[in-house]
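Please study the sequence and the three-dimensional model shown below before reading on.

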Amino acid sequence: MTLLITVIAAVITTAVWYKEKDRDYKLDFLSLMLWGASIMWFVDAIFEFAELKAEYFNQAPMDMLNDAFLGMAVLALALVIWVVNLLITDPQGRLKKKLSK
Amino acid sequence: MACFLVSVAEAAVVKVMESSQLKKEVKLAESNELSEAVTSDVKIPLSRKLKWLSNLLLGGSVLLLFEHIWHGEIVPWFPFLTAMNDPADMAEMFKEMATVGVSMAVLVTIVWFAMCRVADKIVSGDSNEAKDL
């Protein structure tokens, strides 16, 4: 579930980055972060699948719920890191303008 | 257990390479400013590509670090990794780093390499089209 949630978030972020005209929201940073985590969890899933075989797909509902909760928490952390990075780097100087008003 | 540490180590090396490459590129741009504008093709600088790799590795590692904290494998006190308290767990941790951790770092690098090749093709395709016009 964590892998699925991260991959879906990475795809959505990449699509929004592709559509964005001015490229001033630093979505490339967010999508690279999510893709990096997705690749790493994918490798983890392969090793787990090699160990558990078909049992890998028969997880207990509580484990799946815990995994989904973890996935959402990971996504929240990624968004927090992205927004902090956006505010610190302030690519278009918008924060500076707002604060100096 | 601590598989993401391999990616963190690679990211540190990449970050150092990125900053030294950036310095080189700035120097080169300053010395060749005029001639480059006339002769060179449009290319993605290596420092930018290395930044993509460091973002992939560091971003992924930070999120995996959070997952390890979630599962209680990392604690805020020494020795930080719970597996370090037991020799049997330690051996398992090193084994995991050598297998899962190295595979993660290798796959991220392969994906980055493919990404760079595709990006170079797209950019060089664009510049060739511009030349034809």
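## Surface and basis of the model

Chain B has an accessible surface of about 8300 Å², and 67% of that surface belongs to carbon and sulfur atoms. Accessible areas come from the Shrake-Rupley method with a 1.4 Å probe, and for residues only the protein chains shown count as cover.

This is a predicted model, in which local features need a pLDDT of at least 70 and side-chain atom pairs count only at pLDDT 80 or more, while totals for chains, interfaces and linings use all residues. Residues are numbered from 1 along each chain as its sequence is written, chains are lettered from A and ligands numbered from 1 in the order in which they are written, and side-chain values use heavy atoms, with hydrogens and water left out.

## Confidence

The predictor's confidence in each residue is expressed as pLDDT, on a scale from 0 to 100. Chain A has a mean pLDDT of 92, with 100% of its residues at 70 or more. Within chain A, helix α1 (residues 2–19) has the highest confidence, at 95, and helix α4 (residues 94–100) the lowest, at a mean of 87.

For chain B the average is 87, and 86% of the residues score at least 70. Confidence in chain B is highest in helix α3 (residues 46–70), at 94, and lowest in helix α2 (residues 33–39), at a mean of 55.

## The fold of chain B

Chain B contains four helices and zero strands, in the order α-α-α-α from the N terminus. Helices (H or I, at least four residues) and strands (E, at least two) are DSSP runs, numbered from the N terminus. Of the 133 residues in chain B, 31% are buried; the term buried means under 20% relative accessible area, exposed means over 50%, and partly exposed lies in between (1.4 Å probe, protein chains only). Among the contacts in chain B with a separation of 6 or more, 80% join residues 24 or more positions apart, where contact means heavy atoms within 4.5 Å.

Helix α1 (residues 4–31) of chain B has 28 residues and reaches 40 Å from its first C-alpha to its last, close to the 40 Å expected at 1.5 Å a residue. The expected span is 1.5 Å times one less than the number of residues in the helix. The buried residues in α1(B) include F4(B), A11(B), V14(B) and E18(B). Just after α3(B), G72(B) takes a positive phi of about 75°.

A disulfide is a covalent bond between the sulfur atoms of two cysteines. Here it is defined as a pair of cysteine sulfur atoms within 2.5 Å, and the structure holds zero disulfides over all chains. C3(B) is buried, at a relative accessible area of 2%, and C116(B) is buried as well, at 6%.

R117(B) lies in helix α4 (residues 87–132) of chain B. This residue counts as exposed because its relative accessibility is 53%. R117(B) and M90(B) are 27 residues apart in sequence and 39 Å apart in space, C-alpha to C-alpha.

## Helix α3 of chain A

D90(A) follows α3(A) and has a positive phi, near 45°.

## Other residues of chain A

S31(A) is in helix α2 of chain A. The residue is buried because its relative accessible area is 6%. Leaving aside neighbours within four places in sequence, S31(A) is in contact with T13(A) and T14(A).

Six aromatic pairs are found over all chains. One of them joins F49(A) and Y56(A) edge-to-face, at 6.2 Å centre to centre and 85° between the planes. Rings of Phe, Tyr and Trp (its six-membered ring) pair if their centres lie within 6.5 Å; planes under 30 degrees apart count as stacked, over 60 as edge-to-face and the rest as tilted. Ring pairs link F49(A), Y56(A) and F57(A) into a cluster. F49(A) is partly exposed, with a relative accessible area of 36%.
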